[in-house]
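Hi everyone, thanks for coming. Let me put the structure up on the screen, and then we can walk through it together.

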Amino acid sequence: MLIKRNPNGIELPFSSEITPQAVYEERRAFLARVAATAVVGSSLWEMANREAFAQGAALPRLAATRNAGFSTNENQTSFNDATHYNNYYEFGTDKSDPAENAHTLRTRPWMVQIDGEVKKPMTIDIDRLTKLAPLEERVYRLRCVEGWSMVIPWVGYSLSNLIKQVEPTGNAKYVEFVTLADRTQMPGVKSRVLDWPYVEGLRMDEAMHPLTLLTVGMYGQVLPNQNGAPVRLVVPWKYGFKSAKSIVRIRFVKDQPKTAWNGIAANEYGFYSNVNPNVDHPRWSQATERRIGEGGLFTPKRKTLMFNGYSEVASLYTGMDLKKFY
């Protein structure tokens with residue numbers, strides 16, 4: 001994302017990042033019209049979800065207990081910013097594209113296949129998956145490799161709860177996450193910007209860490225489509241692209257998975273992609289970040305924290321050269 005500066009050196013977003021009220025209202029009206037013509041044959045749940053998406057209304061609520069031990073007290077990013085400033089290339093490459101285009105995503109029915117090096121493979125529907133463990137709300141920092149950040153209250157449970165259910169074998173060294181790639185629902189999949197489907201992966205100890213969140217909601221509601229509905233991963237000490245959205249398969253494997261961004265630009269996107277202010281991306285400094293919604297048009301930069309401030313994961317990388325394993 002390009003940034004311009006004023007004479008005082010303060011970073012300003014381009015005007016394309018600032019949606020005029022009239023345009024915003026017209027988008028809402030357009031989405032409402034689209035939703036009105038797309039509900040034939042849909043379940044009641046999906047109909048309500050699409051209508052809420054189109055009208056900007058609240059999505060279905062989720063009962064969750066706040067986990068203060070895993071939460072930051074920093075000011076939360078507004079719901080509007082968190083749902084209208086997104087990277088989700090399956091729906092387009094501009095930050096506003098996911099919010100405009102993701103109404104086409106059908107999140108019911110939804111099945112997740114879990115297989116590979118496990119003793120108890122399963123295919124589970126989203127409702128059973130949501131109830132597999134008690135839901136928690138965790139307020140995590142989110143850091144994008146592009147140099148911007150947010151603070152979001154996610155709803156889910158530690159991925160380790162699911163992993164224990166399927167009982168990985170001793171051959172399971174990594175966990176691979178495969179996301180939906182459906183041209184009929186996702187206009188961006190028709191492009192060649194990435195090799196589809198989008199694939200991400202974690203080392204087994206990273207996947208088992210209690211901070212790693214299997215996520216089904218945010219801001220006390222089910223996930224909006226543009227934020228990875230109905231189920232995604234959130235790994236708060238890694239750059240945001242490591243947190244796979246709209247997951248349809250979780251596979252336990254012996255070898256390091258070939259992940260989406262690492263596969264097309266390994267010199268820019270390492271497999272680990274831990275937030276590290278001392279290792280710059282070729283196009284973006286990682287020493288500082290811009291917090292979305294903080295300061296309005298005049299957004300000061302703040303220093304980036306090692307592991308995005310989650311120092312409890314440092315022991316996972318003891319003895320590793322973090323400039324080599326970036």
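Let me start with a question: which residues of β8 point one way, and which point the other way? Tyr174, Glu176 and Val178 point one way, while Val175, Phe177 and Thr179 point the other, and all are buried. Buried here means under 20% relative accessible area, with exposed being over 50% and partly exposed in between, using a 1.4 Å probe and protein chains only. In a regular strand the side chains alternate between the two faces of the sheet.

Before going on, a word about what you are looking at. This is a predicted model, so local features need pLDDT of at least 70 and side-chain atom pairs count only at pLDDT 80 or more, while totals for chains, interfaces and linings use all residues. Residues are numbered from 1 along each chain as its sequence is written, and side-chain values use heavy atoms, with hydrogens and water left out.

Now the overview. The chain has eight helices and 15 strands; these are DSSP runs numbered from the N terminus, helices being H or I of at least four residues and strands E of at least two. Of the 326 residues in the chain, 53% are buried. Among contacts with a separation of 6 or more, 70% are between residues 24 or more positions apart, where contact means heavy atoms within 4.5 Å.

Back to strand β8, residues 174-179. Six of its six residues are buried, so β8 is largely enclosed by the rest of the structure. Who are its neighbours? Strand β9, residues 199-203, pairs with β8 in the antiparallel sense over five bridges; two strands pair if DSSP finds at least two bridges between them. Val178 has Val199 in β9 as its bridge partner. Strand β13, residues 247-253, also runs antiparallel to β8, joined by six bridges, and there Phe252 stands opposite Val175.

Is Ser243 buried or exposed? Ser243 is buried, because its relative accessible area is 4%. Ser243 touches Arg232, Leu233, Val234 and Val235, leaving aside residues up to four places away in sequence. Ser243 and Val199 are 44 residues apart in sequence, and their C-alpha atoms are 9.9 Å apart in space.

Next, please find strand β6, residues 136-143. Seven of its eight residues are buried, so β6 too is largely enclosed by the rest of the structure. Strand β3, residues 65-66, pairs with β6 in the parallel sense over two bridges, with Thr65 opposite Glu136. β7 runs antiparallel to β6, and eight bridges join them; Arg141 stands opposite Val151 there. β6 and β7 form a hairpin with four residues between them, and Gly147 in the turn has a positive phi of about 100 degrees.

β7 leads us to the last stop, the second largest pocket. A pocket is an open set of points on a 1 Å grid over the protein atoms alone where a 1.4 Å probe fits, with protein on both sides within 12 Å along at least five of seven lines; lining residues have an atom within 4 Å of a point. This pocket is lined by 33 residues, and Asn87, Tyr88, Gly240, Phe241 and Lys245 lie nearest its centre. Strand β7, residues 148-158, gives the largest share of the lining, four residues. That's the tour, so please ask away!
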